[in-house]
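Open the structure in your viewer and keep the selection panel at hand. The tour below says what to select next and what is there.

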Amino acid sequence: MDRLAAMRRYFLTRLAGAVPTLFIIVTLAFFLIRAAPGGPFDQEQTLPVEVMANLQKAYGLDQPVWTQYGHYVGALLHGDFGPSFRYKDFSVTELIGQGLPVTFELGSIALASALILGVLIGIFAALRHNRAGDYAAMSLAVVGVAIPSFVVLPFLGLLFGIYLHWLPVAGWEPASIRHLILPVVALALPPLAVIARLVRASMLEVLRSHYIRTAIAKGLPLRTVILRHALRPALLPVASYLAPAVASIMTGSLVVESIAGLPGIGRYMVQGALNRDYTLVMGMVIIYSALLIVMGLLVDLLYAWLDPRVRLDS
Amino acid sequence: MEPLLNIEDLSVDYTHGGMEIPAVRQVSLAVAARESVGIVGESGSGKTQVFMAAMGLLAANAAVRGRVRFEGGDILGVGAESLNRVRGSKLTMVFQDPMTSLTPHLTIGTQLAEVLVCHAGRSWREARNAARHMLDRVRVPEPERRMSQYPHELSGGLRQRVMIGMSLLCEPLLVIADEPTTALDVTVQAHIIDLLGTMRRELGMALVLISHDLGVVAGLTDRILVMYAGRIVESAGAAELFQQARHPYTAELLKCIPSLTGPRQQRMPTLLGQPPRPGDPDEGCAFAPRCARAAPRCRTVRPPLEDAGGSAHRVACHFPLPS
Amino acid sequence: MSALLGDAARRLRSNPAALCAMFFILGMVVLTLLGPWLNPNGSDSLDWLHVASRPALQSAHWFGTDRLGRDLFARTLEGTRVSLAVGLVASAVSLIVGIGYGAAAGYIGGRTDHAMMRIIEILSGLPLIFFVIFLTVIFGRNEYLLFLSIGAVGWLTMARIVRGQTLSIRHREFIEAAVASGAGTARIICRHVIPNVIGPVVVYATLTVPQIIMLESFLSFLGLGIQEPHASLGTLIAEGAGEMEAAPWMLLVPGGFLAVLLLSLNVFGDGLRDALDAEER
């Protein structure tokens, strides 16, 4: 009731506080990139001087850096990330607008499956503590933690795509879940394994606590004891892992999208970096920072829900 | 007629690091309907373990042997589902530490109401009404407000009142209170003991009060069992035990009761010597090493729990104190 | 302390998975060191007669060759050697940084500790790969950047662990005695704190080695790490993934090596940690 109101107020305050943070990130990134030696057109050394000058002019690079900054921020406020330096005829807004839905779909499915399956496997292992089921689940978790997605995905592609012909190795079609299965598995596996381990450990600890003993003594069925009494405190470590999990999926998507040939925004980050495509990299930095800031906020709220002792007065 | 709770030959052993550690050894005891029984002993005497075993609350590494019957039906080793027919409704337990015994993320109202939803099949709305009523009965001020509060917002004494109320929701036949006052402030202790007595008079349930403190047990129980090193060493009516304890250990315990006028101690003053350690050989009387009356026979032959005259006074001692 | 380690060693010996992992690790280390002598092919010599040939024991190329006719076995061993070396060196660096930082935070305590831990919290919340990629935009590709960025990641967990250990010994008599004798903060940290926390910390360091190897191969896979003509397992897997339909061995050999290496290091590290942790329960 009033706690819900407190949570809403907290969320809005923090969201307002995120705007200056984002502004600082934009400013820092902008000037750091400009300060670096070299420019986006350096590799094309064969360009005649006047063509080069025209290019610079066309992209506004001939103007003083402060003017460029002013233009950039002004455009940014209207949702315009500027033209891409490398993908001719495309604005960064267009590139991101096309790629983001794919990356978002891939990432959110992977995160959701990692959370749901990870929590379920963790609970299962805790309830089978030191028995075969526990050992099997934890052995799988070690594999998930140890082997990176850029090894898992090609191996899966080789097995299910090339040898068994069950699933496509690479490529993407709108609204086709078949193309997403292998990338999602590869992407979800590492955070899934970590979550399963975290939940198992915290669940074992919670199950030893006095309030679980009380819940059992009350004659509640095991399902109720686990879901109503044990699950929320056991999820606390998962909440604090959420931001790293999103980061892990974001970084994973860089390689997974390129291996699976998915038209997401992951490839723009690496491509943009290698090509020195200033505006594209800036756009990516802004998108990812915004995502992380919102994620951090959600984690705080999740914490408050999981543990009423957490106070929300920042 | 069979007693309400009947425990026969109950033994509890823990396996730890490849070692068998006995906690309870062949304990038999019975609690009749409406009876109030005190269980007294030092920590580690196995007094809590007996009832944890009966409630099916022992850790996974505990092995239980023997028989426990409640209302004429077996409840030991029957599996959680059968046990839950009586556990939490007809047979309930109040724990020592109210600070940690309530689930931190659920409101008091939810934790009370779920008992009725689970056992009496009530709707949540009905259950919450009944729960609020119960908070009133156990003298929790402002029950309406407490219902939507979380455990950490309540004082220790209030939380223990909530625990007691929770144990009474389904009109239990037997409430087991395990050191219900030990973790509380001295001033609050008396109130909680008071409340237990009042509720027993009002509801007429049987009560098992487990404590290391004979003083706590004194006013509230009809009969007292004294445990030492996993066994019952003396059993008598409360008044008789206080007047003439027959077991030397009980006599020592009685000396430890703080005077009613003086300050009450948090921990029992220690007896001379140490209680036996888990690895020690189980021969003769376990109290012999600390006993002033011990003879060579005490170290080799275990004294059985035998009638010691008086009304149902039983003692396990070769050389009991004269009556 | 030594009795404590003895118990831990005994517990480790009774853990078959960890033992097995240890032998795998030793085997791989020996193989990468002796490999060049066992194999007649150099890692960068081109065999134009055998381009992208399958693995076969009777040919000179046991694990096949790549598109340029380079022997895959030799390339994979070189890649493993590079990955292991990067892993060990970067772990050592992060160990040193982490110990210094963590011991200082834990020993000084108070506001300093709070601020230092807050920095760690913020840094570990960042997706550092993005940071690294961003740095490549600014400075261009180079291998020093790789080490720098990997080092920036590795020490965070280490610093946390060292701080925890330091807090646990901070009020012990020998520290108090050193304070009473008028020793300076830096001196106490170096002479008294660090030597007493280093045991468990080194064990935890074994778990950072696979993390760092993973990070290095990830960056190399993206083309931001080790550069041609040098090979790391990451670059080999990237090449292999591109050819997996025509020449699956180019993926399977380095991929398998990396998988086994990381798995063994993780299992061994977990086993080591469990063996020590049991002591504290």
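What area is buried between chain A and chain C? About 3200 Å² is buried there, and carbon and sulfur atoms give 85% of it; buried area is the accessible area (1.4 Å probe) that two parts lose on being put together, summed over both.

Before going on, note that this is a predicted model, in which local features need pLDDT of at least 70, side-chain atom pairs count only at pLDDT 80 or more, and totals for chains, interfaces and linings use all residues. Residues are numbered from 1 along each chain as its sequence is written, chains are lettered from A and ligands numbered from 1 in the order in which they are written, and side-chain values use heavy atoms, with hydrogens and water left out.

**Stop 1: chains A and C**

Select both chains. The contact (heavy atoms within 4.5 Å) takes 37 residues from chain A and 34 residues from chain C. Now pick Asp270(C) and Arg197(A), whose side chains meet in a salt bridge at 2.6 Å, N to O. The term stands for a side-chain nitrogen of Lys or Arg within 4 Å of a carboxyl oxygen of Asp or Glu. One salt bridge is found across this interface.

**Stop 2: chains B and A**

Select chain B with chain A. Here 25 residues of chain B and 18 residues of chain A are in contact. The buried area is about 2000 Å², with 62% from carbon and sulfur atoms. On the chain B side, Pro104(B), His105(B) and Glu114(B) lose the most area to chain A, together 28% of what that side buries. Two salt bridges are counted between these chains. Show Glu114(B) and Arg228(A): their side chains meet in a salt bridge of 2.4 Å, N to O.

**Stop 3: the sheet of chain B**

Eight of them form an open sheet with mixed pairing, in the order E6-E7-E8-E3-E9-E10-E12-E11. Its edge strands are E6 (91-94) and E11 (306-307) of chain B, each pairing on one side only; two strands pair if DSSP finds at least two bridges between them.

Next select residues 36-40 and 223-228 of chain B. These are strands E3 and E9, which run parallel and are joined by four bridges. Ile39(B) stands opposite Leu225(B) in E9(B).

Conventions: Helix = DSSP H or I, 4+ residues; strand = E, 2+ residues; numbered from the N terminus.
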